[in-house]
Amino acid sequence: MKKILVFLAEGFEEIEAITIIDIARRAEIDCKTVSVTGKKEVMGAHGVALIADMLFDEKICMQADGLILPGGMPGTTNLQSHEGLTKALKAFYEQGKIIAAICAAPMVFGGLGFLEKKKATIYPGMQQHLKGAAYSTEMVCQDGNIITSRAPGTAMAFGLKIAEVFAGAKKAEEVKKALVYSL
């Protein structure tokens, strides 16, 4: 069973985080939430608190198969400023392991130089943060080991792409059908 980690920082976008977690677990992916705040309860951008499965631990990060960043503000900038997470993302990028971000969070990848000559998307109006990328308006983009998505409204498509990558197309299609998702 593949293991992915979804990172939570104060001000994360609730729809994105919860949708990713829910779809991954429906697809039987070992999906855990990780707080980068030093406490398990993390407050979302719209006042919804989540209790993370664990606090940030670099060793646990390195044992995962994928690292996922929900967007939201100031959640994205809080993720971007976490040294341990940045270090883990760099290691995953260099090893060709899957990293994914939605909404504003692809700006973390842009800031780290991961998107040079890659196709990527981000929340509309934030394209300048995709440094060196070929900007796309697709709901979800995958270029190599990097998956990006646009906004809370694309969270379902993003979650299903993550399910496809980590659990296979057949399992992702089963989840999609059970959710009555038609896009």
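Author: The model is predicted, with local features needing pLDDT of at least 70 and side-chain atom pairs pLDDT 80 or more, while totals for chains, interfaces and linings use all residues. Residues are numbered from 1 along each chain as its sequence is written, and side-chain values use heavy atoms, without hydrogens and water.

Reader: Okay, how much space lies in the largest pocket?

Author: About 210 Å³, where a volume is the space filled by probe spheres set on grid points joined across faces, edges and corners. On a 1 Å grid over the protein atoms alone, a pocket is an open set of points where a 1.4 Å probe fits, with protein on both sides within 12 Å along at least five of seven lines, and lining residues have an atom within 4 Å of a point.

Reader: And which residues are closest to its centre?

Author: Of the 12 lining residues, those are Ala 157, Leu 160, Lys 161, Glu 164 and Lys 176. Helices (H or I, at least four residues) and strands (E, at least two) are DSSP runs, numbered from the N terminus.

Reader: Switching to the sheet, what is the strand order?

Author: The open sheet of seven strands runs β5-β2-β1-β6-β7-β11-β10, with mixed pairing; two strands pair if DSSP finds at least two bridges between them.

Reader: Which are the edge strands?

Author: They are β5 (54-55) and β10 (140-143), each pairing on one side only. Four bridges join β10 to the antiparallel strand β11 (residues 146-149), and Val 140 has Ser 149 in β11 as its bridge partner.
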